Amino acid sequence: MVTVLTDVRHARHIAEQVPDPELPMLTLADLGVLRAVEMTGDGTVVASLTPTYSGCPAMAEMRADVAARLRDAGYTRVEIRTVLDPPWTSDWITPEGRRKLAEHGIAPPGAAPHHAAGPVPLVLSPVRRTVACPRCGSADTEETSRFAATSCKALWRCLACREPFEYVKEI
Amino acid sequence: MSDDHVYMTLAEGHEDDSRWAYGTGFEDPLHGVDTTVPEGVDAGRLAADCVALADDALVSAQRLAEWTTRAPELEEEVALANIGLDLLGQARLLYARAGQVDGTGRDEDAYAYFRDAEDFRNVRLAELPCGDFAFSIVRLLVLSSWRLAHFEQLSAHPDPVLAAIAAKGVKELTYHRQYAAEWAVRLGDGTEESRRRTRTAMEQVAPYLGELFTAYDVRGEVVAVLRQVTEAAGLPMPVYRPLPGAGRAGERTEHLAPLLAELQSVARAHPGATW
Ligand SMILES: [Zn+2]
């Protein structure tokens with residue numbers, strides 16, 4: 001006899017615990033890419049995921065991970081949906097996610113830029129942002145490269161403790 | 001599921017698709033997206049628009065990837081590769097959308113690997129060789145400004161999938177343009193040699209501007225950005241000298257076929273291969 005699990009809260013809990021493949025200290029819920037977990041009338045668990053960046057190579061792995069975890073937990077009918085709208089923003093990284101990033105030596109993002117309707121302005125002297133060193137807390141830091149190992153991170157260094165660190169960019 | 005079982009995880013999720021890791025065919029980037037074409041939208045035209053925008057992105061991504069191991073600094077190599085990866089992601093979403101709506105059911109690989117140069121509809125500026133760093137930067141400045149301005153328009157497109165792809169792309173193109181603009185100013189306002197090369201690059205892109213402005217009504221915004229950057233860099237504005245023909249109409253330079261030969265060779269030598 002097959003028992004069909006119908007507890008959507010439990011399914012949501014399972015999906016929320018799946019780690020991000022590129023930032024494994026974060027769950028997909030912490031990162032804000034798990035948009036919804038619902039259950040349809042026939043008992044299918046529908047998990048909705050949104051990509052961080054268009055080119056995020058981990059999307060397929062995230063989908064497969066969520067589906068596998070839900071099946072392992074006994075949910076036999078699982079459907080994964082991709083949600084593109086609204087686009088992911090680093091503002092969706094939860095407070096818990098930000099705390100975990102800092103704990104792992106990665107500076108969490110500041111507030112994402114918002115621009116009013118109309119052409120996106122080009123600012124040639126970008127406002128210098130202050131990023132606190134995740135190790136010693138010093139604000140005496142500088143950007144070494146705006147692009148790093150993954151699209152979502154930049155490389156910075158601390159001038160106080162001399163340590164380099166990664167920084168999740170606001171987008 | 002631990003990290004070292006990635007293969008198993010992927011394979012498990014795709015029992016129905018054993019081509020799990022060939023090219024990009026192991027997954028549909030629009031997996032589970034509502035594929036309906038709204039009433040009043042011409043599916044053929046929508047598919048053609050998606051393919052042209054995807055071709056621009058794929059060809060640009062390939063050129064940017066050519067800088068890997070050759071850029072002046074490791075940081076710039078990583079930056080150009082990251083920008084290329086974003087564009088590749090945009091191309092995949094757009095090809096997938098085209099395949100959903102053009103009635104052929106083609107996947108992204110069919111568009112990327114199994115069409116010939118004369119079937120591509122990218123603008124010719126995208127396919128020109130990398131040239132020196134100054135040329136690649138100036139080209140990136142022009143193409144990212146142009147694409148950004150058009151993606152802003154497209155984010156209000158009646159097709160919700162194309163609109164969502166564009167809205168997502170706007171965020172990425174904004175920092176692509178930022179990167180290129182800052183470098184263009186640095187080079188133009190740099191040494192005598194970097195200024196000379198950047199000025200030459202501006203002259204080299206000029207003939208290809210015409211077809212960009214014929215394709216989309218974004219001339220005002222692109223010209224404003226170029227004016228802002230050239231003024232800050234102390235460079236002359238590129239002189240508008242349109243070439244006949246257009247990449248959007250299938251006109252190609254001699255440079256696309258060799259680019260595609262490299263891009264497509266493995267997929268064509270081993271159709272349907274998995275590894
Ligand atoms: Zn420090």
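Trainee: Into which domains is chain A divided?

Mentor: In this predicted model, the assignment gives chain A a domain 2 made of two segments, 92–112 + 127–168. The C-alpha centres of domain 1 and domain 2 of chain A lie 28 Å apart.

Trainee: What area is buried between domain 1 of chain A and domain 2 of chain A?

Mentor: The size of an interface is often given as the accessible area lost when the parts come together. Here, twelve residues of domain 1 of chain A are in contact with 13 residues of domain 2 of chain A. Carbon and sulfur atoms give 69% of the area buried between these two domains, and that area is about 1,100 Å².

Trainee: Which three residues supply 46% of the area that domain 1 of chain A buries against domain 2 of chain A?

Mentor: No other three residues of domain 1 of chain A supply as much of the area buried against domain 2 of chain A. The three are A:L23, A:M25 and A:D30.

Trainee: Which side chains meet in a salt bridge across the interface of domain 1 of chain A and domain 2 of chain A?

Mentor: Side chains of opposite charge can pair when their charged atoms come close. The rule finds one salt bridge across this domain interface. With 2.5 Å from N to O, the side chains that meet are those of A:D30 and A:K100.

Trainee: How many residues apart in sequence are the parts that the pair A:K100 and A:D30 ties together?

Mentor: The side chains of A:K100 and A:D30 meet in a salt bridge. Because A:K100 lies in helix 4 (residues 95–103) of chain A and A:D30 in helix 2 of chain A, the pair ties together separate parts of the sequence. Both A:K100 and A:D30 are buried. The parts that the pair ties together are 70 residues apart in sequence.

Trainee: What area do chain A and chain B bury between them?

Mentor: The contact takes 39 residues from chain A and 46 residues from chain B. Of the area buried between the two chains, 59% is on carbon and sulfur atoms, and the area is about 3,600 Å².

Trainee: Which element gives the most to the side of chain A that touches chain B?

Mentor: Between chain A and chain B, 14 residue pairs are in polar contact. The elements of chain A that give two or more residues to this side are helix 3 (59–72), strand 3 (78–82) and strand 5 (141–145). With nine residues, the element that gives the most is helix 3 of chain A.

Trainee: With which residue of chain B does A:R146 form a salt bridge?

Mentor: A:R146 is partly exposed, with a relative accessible area of 26%. Within chain A, the side chain of A:R146 meets that of A:E143 in a salt bridge of 3.6 Å, N to O. Across the interface of chain A and chain B the rule finds one salt bridge. In that salt bridge, the closest N and O atoms are 2.7 Å apart, and the partner of A:R146 is B:E182.

Trainee: Why does A:S151 count as buried?

Mentor: A:S151 lies in the loop between strand 5 and strand 6 (153–158) of chain A. A polar contact of 3.3 Å joins the side chains of A:S151 and B:N82. Buried means under 20% relative accessible area. A:S151 therefore counts as buried, its relative accessibility being 10%.

Trainee: How many helices does chain B have?

Mentor: Of the 275 residues of chain B, 56% count as buried. Chain B has zero strands, and its helices number eleven.

Trainee: In which helix of chain B is B:F151 found?

Mentor: B:F151 counts as buried, at 1% relative accessibility. Among the residues that B:F151 touches are B:L53, B:Q90 and B:G169. B:F151 and B:G169 are 18 residues apart in sequence and 7.0 Å apart in space, C-alpha to C-alpha. The helix in which B:F151 is found is helix 6 (residues 133–154) of chain B.

Trainee: With which residue does B:R115 form a salt bridge?

Mentor: B:R115 is in the loop between helix 4 (108–113) and helix 5 (124–127) of chain B, and its partner is in helix 2 (residues 43–65) of chain B, 60 residues apart. Both residues of the pair are buried. The closest N and O atoms are 2.6 Å apart, and the partner of B:R115 is B:D55.

Technical notes. Residues numbered from 1 in each chain as written. Chains lettered and ligands numbered in written order. Predicted model: local features only at pLDDT ≥ 70, side-chain atom pairs only at ≥ 80, totals over all residues. Heavy atoms only, no water. Domains from an automatic or database assignment. Contact = heavy atoms within 4.5 Å. Buried area = accessible area lost by both parts, 1.4 Å probe. Salt bridge = Lys/Arg side-chain N within 4 Å of Asp/Glu carboxyl O. Polar contact = N/O pair within 3.5 Å; in protein donor to acceptor, adjacent residues only side chain to side chain. Helix = DSSP H or I, 4+ residues; strand = E, 2+ residues; numbered from the N terminus. Buried < 20%, exposed > 50% of the residue type's maximum accessible area, 1.4 Å probe, protein only. Lists of a residue's contacts leave out its neighbours within four places in sequence.
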